[in-house]
Amino acid sequence: MTDILKIENLKKYFNTPKGLLHAVDDVNFTIKEGETLGLVGESGCGKSTIGRLVLRLLEATSGSVEFDGKDILNLSKKEMVGMRSDMQIIFQDPFSSLNPRMSVSEIIGEPLIIHNKVKKSSDLPEAVKNLMDRVGLANRLINSYPHELDGGRRQRIGIARALALEPKFIVADEPVSALDVSIQAQILNLMQDLQDEFDLTYLFITHDLSVVKHFSDNIAVMYLGQLVEKAPKKELFENPMHPYTEALLSAIPVPSLKAKRERILLKGEISSPINPKPGCRFASRCPYAFDKCTQSDPKLVETKKDHFVACYKINS
């Protein structure tokens, strides 16, 4: 399989009254066509920012985002309009991402109209119904409004809207975090079925490691704007190398009273992402930190086949 997405040295800095906030700092990764990369980390680490940079909903400070062989950061606004049909997003909050003044048919049909995907206006209702069928929305809801529906149905509208243009790649920005657990499973299964049916590629952003293990092929772990580890999901869960990944995995609840797992409690101050000092961002909380960790940034290095780690303890 070929790489459909290639990110190199991607950076996004924001000006703040206290200095330059390094939201995304020198991130590198690739996603192969038809696969899912799960991007995990705690709130505020820059996951959603990466998702928006990849789609150019935010403009990057520097770096490159190569999609299907083209660096989209160098494309004009007109050229980007053409790329939109291949790159879509499913938002975290299924209510605020939908226009409350538009009905289900209007929301799903809007991208079809904007990108001229229907030749005749009379073909639009049928196209909308087909999309609703694909995501499991009953036809009786076609004239309903978002406030009349529950969270699961709202998110199905968001998925149908993302599918409308038959994209190759979808950024799923915590698509189930706002839903009940039973509904989460339905939406995840739907997204997997759609991936198999349409050969979709996902960047799946989440903070839930149990979900990402179920859904992803590969997992990238992020901490304060930087990737600290990336590996196939089985390898990452069986052999975590970065101390931060170890701590994350130790926090996953085990559904057994007999199971024993030693919880790793992180201590120390969280480093500021504003004008960060040289060195590993995790060093102030890492039990294995030594002098070199506070002197220069560790690079993401392939320590085993397809297993990348940014840690001087591993790559010393």
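Q: How do I read the largest pocket here, and what is its volume?
A: A pocket is an open set of grid points with protein on both sides. In this predicted model, the largest pocket has a volume of about 640 Å³.

Q: Which residues are the closest to its centre?
A: Lining residues are picked by having an atom within 4 Å of a pocket point. The largest pocket has 32 of them, and the closest to its centre are Asn28, Phe29, Leu227, Lys230 and Leu300.

Q: Which elements give two or more residues to that lining?
A: Look for strands S1 (3-16), S2 (19-32), S3 (36-40), S9 (218-223) and S10 (226-232). S2 gives the largest share, with eight residues.

Q: How does the lining of the largest pocket split by class?
A: You sort the residues into nonpolar, polar and charged. Here that gives 15 nonpolar, five polar and twelve charged residues.

Q: Now the second largest pocket: how much space lies in it?
A: About 350 Å³. Its lining has 14 residues, and Gln88, Ile89, Pro111, Arg161 and Leu165 are the closest to the centre.

Q: Which elements should I find for the second largest pocket, going by those that give two or more residues to its lining?
A: Find strand S6 (87-90) and helix H3 (104-114). The largest share of this lining comes from H3, which gives four residues.

Q: And how do the residues of this second lining divide?
A: Into nine nonpolar, two polar and three charged ones.

How values were computed: Residues are numbered from 1 along each chain as its sequence is written. This is a predicted model: local features need pLDDT of at least 70, side-chain atom pairs count only at pLDDT 80 or more; totals for chains, interfaces and linings use all residues. Side-chain values use heavy atoms; hydrogens and water are left out. On a 1 Å grid over the protein atoms alone, a cavity is a set of points where a 1.4 Å probe fits but cannot get out, and a pocket is an open set with protein on both sides within 12 Å along at least five of seven lines; lining residues have an atom within 4 Å of a point. Grid points are joined across faces, edges and corners, and a volume is the space filled by probe spheres set on the points.
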